[in-house]
Amino acid sequence: MKFRPLHDRVVIRRLGEDEKTSGGIIIPDTAKEKPMQGEVVSVGQGARDEKTGKVQALDVKPGDRVLFGKWSGTEVKIDGEELLIMRESDIMGVLEGIKSSKKAA
């Protein structure tokens with residue numbers, strides 16, 4: 001199934017966190033926090049400016065690695081994959097210089 005977000009919404013795939021601490025201790029699933037880092041899967045066309053009516057393009061694009069707030073977005077399941085849908089304004093920033101990994105949480 002294809003999913004296209006509307007307006008200024010962004011679809012994000014959470015990226016997994018390390019399973020061990022720097023000291024080598026394995027963290028069980030029950031003690032893990034959900035990662036606040038993800039990869040942009042798709043983006044909407046942008047929000048309309050209320051004064052001019054023009055569509056303002058989004059700053060993020062598919063493939064970008066981003067940081068977002070702990071409670072940001074709405075969790076959805078599409079084709080068995082857990083994704084987040086959030087507004088671009090909920091994204092805190094883009095991580096530059098990091099290759100995207102396909103390791104999903």
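Modeller: Gladly! A search of the whole structure finds five salt bridges, where a salt bridge is a side-chain nitrogen of Lys or Arg within 4 Å of a carboxyl oxygen of Asp or Glu. Before we go on, please note that this is a predicted model, in which local features need pLDDT of at least 70 and side-chain atom pairs count only at pLDDT 80 or more, while totals for chains, interfaces and linings use all residues. Residues are numbered from 1 along each chain as its sequence is written, and side-chain values use heavy atoms, with hydrogens and water left out.

Let us start with Arg87 and Asp8, a salt bridge whose closest N and O atoms are 2.6 Å apart. Arg87 belongs to strand β7 and Asp8 to the segment before β1, so this pair ties together parts that are 79 residues apart in sequence. Strands here are DSSP runs (E, at least two residues), as helices are (H or I, at least four), and both are numbered from the N terminus. Is Asp8 buried or exposed? Asp8 is buried, because its relative accessible area is 14%, and buried means under 20%, exposed over 50% and partly exposed in between (1.4 Å probe, protein chains only). Arg87, at 37%, is partly exposed.

The side chains of Asp8 and Arg87 also make a polar contact at 2.6 Å. That term stands for a pair of N or O atoms within 3.5 Å; within protein, one must be able to donate a hydrogen and the other to accept it, and residues adjacent in sequence count only if both atoms are side-chain atoms. What else is Asp8 in contact with? Leaving aside neighbours within four places in sequence, the partners of Asp8 include Gly46, Ala47, Leu58 and Met86, where contact means heavy atoms within 4.5 Å.

Two of those partners, Leu58 and Met86, lead us to another feature. Both are in the largest nonpolar core, which has ten residues, among them Val10, Ile12 and Phe68. Such a core is a set of buried Ala, Val, Leu, Ile, Met, Phe, Trp, Tyr and Cys residues joined through side-chain atoms within 4.5 Å. The elements that give two or more residues to this core are β1, β5 (65-68) and β7 (81-87). In soluble globular proteins, nonpolar side chains tend to be buried together.

Arg13 pairs with Glu81, with 2.5 Å between the closest N and O atoms. Arg13 lies in strand β1 and Glu81 in strand β7, so the pair ties together parts that are 68 residues apart in sequence. Arg13 is buried at 15% relative accessible area, whereas Glu81 is partly exposed at 27%. Arg13 and Glu81 are also linked with Glu39 in a network of salt bridges.

Another salt bridge joins Lys61 to Asp64, with the closest N and O atoms 3.1 Å apart. Here Lys61 is exposed, at 51%, and Asp64 counts as buried, at 10%.

Finally, a look at the setting. The chain has zero helices and eight strands. Of its 105 residues, 30% count as buried. Among contacts between residues at least 6 apart in sequence, 67% join residues at least 24 apart.
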